[in-house]
Amino acid sequence: MHIYCLGLNHRTANLRLRERLAFSDAQVRAALTHLGRGNGLTGVSEMVILSTCNRVEIYAVSPQLSFEALETFLAACHHLPPEEIRPF
């Protein structure tokens with residue numbers, strides 16, 4: 001098993017993008033529930049989403065997850081194309 005971390009913060013992304021990617025409590029619950037039902041990321045056994053005013057981080061435990069999959073998941077949660085967040 002591997003632990004993967006994907007995130008952005010005040011040093012890597014501008015305020016506008018951080019605001020668009022911030023998770024409310026309800027959005028965190030919905031995203032984790034979505035994963036718990038077997039939707040989304042294949043092979044993820046555990047996940048934590050950390051969202052504050054200055055950063056968003058996703059930690060995932062998986063034997064073979066890719067960072068592109070985490071980027072796609074983060075973008076999909078906020079209805080953004082992955083290409084918009086990938087540079088950050």
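A: **The salt bridges**

Let's start with Glu71 and Arg86, whose side chains meet in a salt bridge at 2.7 Å, N to O; the term means a side-chain nitrogen of Lys or Arg within 4 Å of a carboxyl oxygen of Asp or Glu. This pair ties together distant parts of the chain, 15 residues apart: Glu71 sits in helix α3 (residues 67–77), and Arg86 in the segment after α4. Helices here are DSSP runs (H or I, at least four residues), numbered from the N terminus.

A quick word on the model: it's predicted, so local features need pLDDT of at least 70 and side-chain atom pairs count only at pLDDT 80 or more, while totals for chains, interfaces and linings use all residues. Residues are numbered from 1 along each chain as its sequence is written, and side-chain values use heavy atoms, with hydrogens and water left out.

Back to the pair: Glu71 is buried at 12% relative accessibility, whereas Arg86 is partly exposed at 37%. Buried means under 20% relative accessible area, exposed over 50%, and partly exposed in between (1.4 Å probe, protein chains only).

The structure holds three salt bridges. Another one joins Arg20 and Glu84, with the closest N and O atoms 2.4 Å apart. It also links distant parts of the chain, from Arg20 in helix α1 (residues 15–21) to Glu84 in helix α4 (residues 82–85), 64 residues apart. Arg20 is partly exposed at 31%, and Glu84 is partly exposed at 28%.

That leaves Arg55 and Glu57, which meet at 3.7 Å, N to O. Arg55 is partly exposed, at 35%, but Glu57 is buried, at 15%.

Notes. Helix = DSSP H or I, 4+ residues; strand = E, 2+ residues; numbered from the N terminus.
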